[in-house]
Amino acid sequence: KRAYGWPEDAQFLVPDGVREHFAAGVGERGARLRSEWRERVAAGDPAVAKEIDQMQRRRLPDGWDADIPTFEPDADGIATRKASGKVLNAIAARVPWLVSGSADLTGSASNGLDGADSFSPTERAGRGLHYGVREHESAAISNGLALSKLRPVWSTYLIFSDYARPAIRLSALMELPVVHWFSHDSIGLGEDGPTHQPVEQLASLRAMPGLNVIRPCDANEVAEAWRVILAQSHKPTALVLTRQDVPVLDRSRYASAAGLQRGGYVLAGSDAEPEVILIATGSEVALALGAYEQLSADGIRARVVSLPSWHLFDLQDDAYRESVLPKAVTARVAVEQASTLGWDRYVGNAGRIVGMHTFGASAPLREVERKFGFTPELVLETARELL
């Protein structure tokens with residue numbers, strides 16, 4: 001301060017002339033451009049003006065979710081990445097400011113917008129974004145798009161979320177509604193091998209404050225996830241999806257997928273207090289249900305809890321969480337093809353976790369699952385040992 005001749009005791013000093021210089025430059029130019037913009041909007045299509053206003057206020061058009069599909073029960077099922085692509089396109093048709101791109105994996109991650117042009121220097125209205133193999137750039141640009149009040153989606157494989165982590169963290173820190181779409185979510189990749197099979201990524205993302213990590217178990221949970229995602233105007237989401245097909249559950253037999261909106265819910269089991277609780281996310285929910293059916297056939301009161309979003313579940317009141325995971329029931333088994341870190345908060349000291357303790361392996365899907373114990377038989381055996 002002495003070298004520049006500034007008062008040494010001044011704090012946050014704005015020297016004479018700075019405000020005037022600013023007002024005559026950026027201030028004057030900004031005011032003029034703002035006035036011209038308002039005149040242009042007022043003279044244009046009122047419907048477009050309404051959309052611009054909704055976008056700037058982070059509001060959604062009426063009926064934005066009217067075309068979200070309901071998926072019929074299907075034992076063969078559909079990959080949640082593909083189901084998510086169907087839901088995304090149903091929403092995009094009604095939300096013009098929703099844009100989607102990927103780090104060079106649009107087809108594989110299934111987040112392309114049907115019939116949409118690609119954004120380019122000559123096609124500025126394009127809603128499809130091609131980032132190239134640049135995960136950090138994809139997430140960082142998505143943050144900027146969200147600051148401009150667009151609703152951006154970008155995708156890559158879950159294993160590559162590590163490259164984008166600083167930008168994902170900023171989206172949480174800045175409360176930006178970016179959708180970080182991560183497909184190929186587990187050792188279910190099979191032959192792609194341990195370099196592509198995520199293990200610790202789920203725990204890492206869940207540890208990030210303000211980031212809603214959702215791992216749906218089937219196509220209808222995917223549909224409900226999108227209702228949550230678009231309604232969150234100031235929260236980013238990590239949407240974690242399977243490459244492989246997973247069964248579409250029969251919701252006339254099991255609970256409604258709308259339970260996802262509370263993060264976790266009782267998927268199967270009677271109203272009576274259970275003897276054992278099986279908790280799972282994503283593709284492993286089907287394994288838990290397989291074990292549940294056998295336990296029920298053996299006369300054991302079992303319950304299956306689908307827990308797609310720890311973040312949302314932990315926001316529920318004590319009464320709801322107690323109704324799903326009653327403290328008196330200590331026989332609990334968690335099943336997830338990922339690091340076990342964090343699961344102890346839901347299974348307690350007396351529970352067991354069927355999870356990953358090493359990196360994956362390269363082999364066909366079913367062989368990899370058997371190798372690491374992700375079978376209904378092992379879940380059943382673990383539950384019986386607890387009982």
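1. Start with how α9 and α14 cross: α9 passes α14 in a right-handed crossing. Keep in mind that this is a predicted model. Helix α9 covers residues 284–297 and helix α14 covers residues 376–386. Their axes lie 8 Å apart, and the helices pack at an angle of about 55°. Angles from 65 to 115 degrees would count as roughly perpendicular and those under 35 as roughly parallel, so α9 and α14 come out as oblique to each other.

2. Which residues of α9 and α14 meet? On the α9 side they are L287, G290, A291, Q294 and L295. Across from them, α14 brings P376, V379, L380, A383 and R384. Sorted by class, this contact has 7 nonpolar, 2 polar and 1 charged residues.

3. Now for the cores. The largest nonpolar core has 48 residues, and L278 and I279 have the most contacts inside it. Helix α9 turns up again here, giving the most to this core with 7 residues. Another core, of 33 residues, lies apart from it; I68, V87, V248 and L312 are among its members.

4. I279 is worth a look of its own. What does I279 touch once its neighbours within four places in sequence are left aside? The list runs V305, L307, L325, V333, A334, V335, W343, Y346 and V347.

5. Last, have a look at G144, which sits in helix α5 (residues 135–147).

Definitions and conventions: Residues numbered from 1 in each chain as written. Predicted model: local features only at pLDDT ≥ 70, side-chain atom pairs only at ≥ 80, totals over all residues. Heavy atoms only, no water. Axes fitted to C-alpha atoms, helices over the stretch in contact; angles between N-to-C directions. Helix = DSSP H or I, 4+ residues; strand = E, 2+ residues; numbered from the N terminus. Parallel < 35°, antiparallel > 145°, perpendicular 65-115°, else oblique. Left-handed = near helix turned anticlockwise from the far one by under 90°. Contact = heavy atoms within 4.5 Å. Nonpolar A, V, L, I, M, F, W, Y, C, P; charged D, E, K, R; others polar. Core = buried A, V, L, I, M, F, W, Y, C linked by side-chain atoms within 4.5 Å. Buried < 20%, exposed > 50% of the residue type's maximum accessible area, 1.4 Å probe, protein only.
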